[in-house]
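Here is a short note for a colleague who is about to open this file. Please read it with the structure on screen.

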Amino acid sequence: MNPVSLLVFDALLLLSIVGLAWASLATTDVRRGVILFMAFGLVLAVAWGRLLAPDVALAEAAIGAGLSGALLLAAAHRQPRPLSPETTNATRNKGAAGVGVVLRWAVTLLCTALAGTLAWALLHAFSSTPHDMLPGAISANLAVSGVSNPVTAVLLNFRAYDTLLELAVLLTAVLGIFALGQANPGYQPAGPVFDGLVRWLVPVLILTAGYLLWVGAHAPGGAFQAGAMLAAAGVVLRLAGRTRIGLPEGLMLRIVIAAGVGVFLLIGMTLLLLGRPFLGYPPAWAGSLILLIETAAMLSIAATLVLAFLGGRPEATGVKAEANRQCEEIP
Amino acid sequence: MLTTQVLYALTACVLVALGLRGALLHASLLQRIVAINVMGAGVFMLLIAVAYRGPGQSPDPLPHALVLTGIVVAVSATALALALARRLHAERDDG
């Protein structure tokens, strides 16, 4: 592609990104804002592809636009919709009264100043000569990392510490969600067309998750994208009104949620006992250990994201719950 | 200095400012959460623009890995924020 048409493409892409961000924040209709935000996420995924970041593009499309969108849309659905233009105006006036016009302008001015400072600092950084030491070090050590996809090598080997702590963040978030209350009520059972779609879609999503997990070692993909796919299967089942969405119950659920951090720590500690640095895999074992950690991480991420969509502790649906219900029915 | 890199980095600055303004000024909690996500998208774009090395050159994988981590952390933070917002609404309705 010649440089001029590429520049036109960039300009159009960036204009639509800024336009969608502006539109999703400017509207007072929450649902419209959320749907525009999902479109924003999908256009962002195109931008990541354009900047040669296919791993990030996959994650953005699946998590940033897909699952975040599903979470936000479900939350927007529970909020009362503004009934008429008068109510919209009333909320707008209330908002304007809450935040004075002067303050509004002051905030806008400050944010503009922040953007200007940030841009100035960036242009300054770009104009100085770049010294690419880290990319060189990464490509030099890629052969001993156990995988050939540099992004996976950074995530699971060179900076495995970051990923371990990220999984800890996920665990903390899901514990917070558990502490805040019960899951949202489920949905109505799906009609025949949607139900038929679900029957086809869920196996394909599970298969795609397995493929992404495996392919992450040498091509774009990995535990995050795979976990998001698996979670999407759970969300689709939930939307179709199923009570059993593949989520384990009780102790098993707790084990799955903690599996990512648990397996990671266990491998790190075992390596310490064997006299190696924490998470410093022996090169011969690196590939297998990374796949093991990624499998556990995928399951934890998927369970976390499904629980996030449920919005709380899941209601028991298994044998025990059935037994309890039967006990209650007996007078 | 690459034109593409500069274009995307400047857009990232605009997104950060837009998101911050929305997060500070919106009355609805849900829209504040959306605004914080827009701000996060700006930060991600900044990192990916910094990683870009031009057409045909392989980009720096380190910022890509950071953004991947960031996307997952952002969605879990969003989920926790939404659960908090739901609880807040429930408490307000009861009281």
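This is a predicted model: local features need pLDDT of at least 70, side-chain atom pairs count only at pLDDT 80 or more; totals for chains, interfaces and linings use all residues.

The points below cover confidence, each chain, the interface and one residue.

1. The predictor gives the complex an ipTM of 0.95 and a pTM of 0.88.

2. **Confidence in chain A.** The mean pLDDT of chain A is 87, and 88% of its residues score at least 70. Helix 2 (residues 30-50) of chain A has the highest confidence, with a mean of 95. The lowest is in helix 4 (residues 85-98) of chain A, where the mean is 50. Residues 83-88 of chain A have pLDDT below 50. Beyond near neighbours in sequence, that stretch makes three contacts in the model.

3. **Confidence in chain B.** Chain B averages a pLDDT of 91, with 98% of its residues at 70 or more.

4. **Fold of chain B.** Chain B has three helices and zero strands. In sequence order the pattern is α-α-α. The C-alpha trace of chain B spans about 60 × 25 × 10 Å along its principal axes. Its radius of gyration is 17 Å, whereas a compact globule of 95 residues would have one near 12 Å. Even so, 64% of the 95 residues of chain B count as buried. Take the contacts in chain B between residues at least 6 apart in sequence: 47% of them join residues at least 24 apart.

5. **Domains of chain A.** Chain A divides into domain 1 (1-78) and domain 2 (148-331). Their C-alpha centres lie 25 Å apart. Domain 1 of chain A puts eleven residues into the contact, and domain 2 of chain A puts in 14. What is the make-up of the side of domain 1 of chain A that touches domain 2 of chain A? That side has nine nonpolar residues, one polar and one charged.

6. **The A-B interface.** Chain A gives 74 residues to the contact and chain B gives 56. Which helix gives the most to the side of chain A that touches chain B? Helix 5 (residues 101-127) of chain A does, with 13 residues. By class, the chain A side holds 48 nonpolar, 17 polar and nine charged residues.

7. **Helix 5 of chain A.** This helix has 27 residues. Its first and last C-alpha atoms are 39 Å apart, close to the 39 Å expected at 1.5 Å a residue. Is helix 5 of chain A largely buried or largely in the open? Two of its 27 residues are buried, so helix 5 of chain A lies largely in the open. An α-helix has 3.6 residues a turn, so residues three or four places apart point the same way.

8. **Pro220(A).** Pro220(A) sits in the loop between helix 9 (192-215) and helix 10 (223-239) of chain A. Why does Pro220(A) count as buried? Pro220(A) has 20 C-beta neighbours inside 10 Å, and the cut-off for a buried residue is 20 or more. Leaving out residues up to four places away in sequence, Pro220(A) touches Pro54(A), Asp55(A) and Leu58(A). Glu249(A) is 29 residues from Pro220(A) along the chain, and their C-alpha atoms are separated by 32 Å.

Conventions
Residues are numbered from 1 along each chain as its sequence is written. Chains are lettered from A and ligands numbered from 1 in the order in which they are written. Helices (H or I, at least four residues) and strands (E, at least two) are DSSP runs, numbered from the N terminus. The radius of gyration is taken over C-alpha atoms; the globule rule is 2.2 Å times the number of residues to the power 0.38. A residue is buried if 20 or more other C-beta atoms lie within 10 Å of its own, exposed if 12 or fewer, and partly exposed in between; C-beta atoms are placed from the backbone. Two residues are in contact if their C-beta atoms, placed from the backbone, lie within 7 Å. Domain bounds come from an automatic or database domain assignment. Ala, Val, Leu, Ile, Met, Phe, Trp, Tyr, Cys and Pro count as nonpolar, Asp, Glu, Lys and Arg as charged, and the others, Gly among them, as polar. The expected span of a helix is 1.5 Å times one less than its number of residues. pLDDT is the predictor's confidence in each residue, from 0 to 100.
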